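Please examine the sequence and the structure shown below. The paragraphs that follow lead from a single residue to the packing around it.

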Amino acid sequence: MVSTGSLGSLFGLVESDGFGLSSLYSIIWGLLALLFAWGLWNLKNWARTGTLALQFLNLAAAIVALIGRGSVNWVGTFLSVVIILYLMQSRIRKVFS
């Protein structure tokens, strides 16, 4: 997943003292992940679409980190690619439709 440090710093949301926008961002991101997990479990197409969007965001954050010479979470990036390839398969799309 996209870390709060990478995406949060992109948008200037990281604060160093206490509960700030970074913490709020993490809470929202976690709740969104739980919502999509519930939707995927119940085979909702909106959850498949949302999960794909989040995984593409993860890849975009990895590319930005590579361009900016930041650190890249290679395991997370690999998992994002695997998830995208899995959810884009035609038989999986049929299950969710």
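In which helix does Leu52 lie? Leu52 lies in helix α3, where helices (H or I, at least four residues) are DSSP runs numbered from the N terminus. This is a predicted model, in which local features need pLDDT of at least 70, side-chain atom pairs count only at pLDDT 80 or more, and totals for chains, interfaces and linings use all residues. Residues are numbered from 1 along each chain as its sequence is written, and side-chain values use heavy atoms, with hydrogens and water left out.

Leu52 has a relative accessibility of 8% and therefore counts as buried, a term for residues under 20% relative accessible area, computed with a 1.4 Å probe on protein chains only. Not counting residues up to four places away in sequence, Leu52 touches Ile84, Leu87 and Met88; contact here means heavy atoms within 4.5 Å. Leu52 and Leu85 are 33 residues apart in sequence, while their C-alpha atoms are 9.5 Å apart in space.

Leu52 also belongs to the largest nonpolar core, whose six residues are Leu52, Leu59, Ile84, Leu87, Ile92 and Phe96. Such a core is a set of buried Ala, Val, Leu, Ile, Met, Phe, Trp, Tyr and Cys residues joined through side-chain atoms within 4.5 Å. Two or more residues of this core come from each of α3, α4 (74-87) and α5 (90-96). Apart from this core lies another, of five residues, including Tyr25, Trp29, Phe36 and Leu54.

Arg48 is likewise part of helix α3, which spans residues 45-67. Arg48 is buried, with a relative accessible area of 10%. Beyond residues up to four places away in sequence, Arg48 touches Leu40, Leu87, Met88, Arg93 and Phe96. Phe96, with the same exclusion of residues up to four places away, touches Leu40, Leu43, Lys44, Asn45, Arg48 and Leu87.

The description now turns to helix packing. Two packed helices are described by the angle between their axes and the distance between the axes. The axes of helix α2 (residues 21-41) and α3 come within 8 Å and cross at roughly 135 degrees; axes are lines fitted to C-alpha atoms over the stretch in contact, with angles from 0 to 180 degrees between N-to-C directions. The two helices, α2 and α3, are therefore oblique to each other, since angles under 35 degrees count as roughly parallel, over 145 as roughly antiparallel, 65 to 115 as roughly perpendicular and the rest as oblique. In this contact, Trp29, Leu32, Leu35, Phe36, Trp38, Gly39 and Leu40 of α2 meet Trp46, Ala47, Arg48, Gly50, Thr51, Leu54, Leu57 and Asn58 of α3.

Methods:
Buried means under 20% relative accessible area, exposed over 50%, partly exposed in between (1.4 Å probe, protein chains only).
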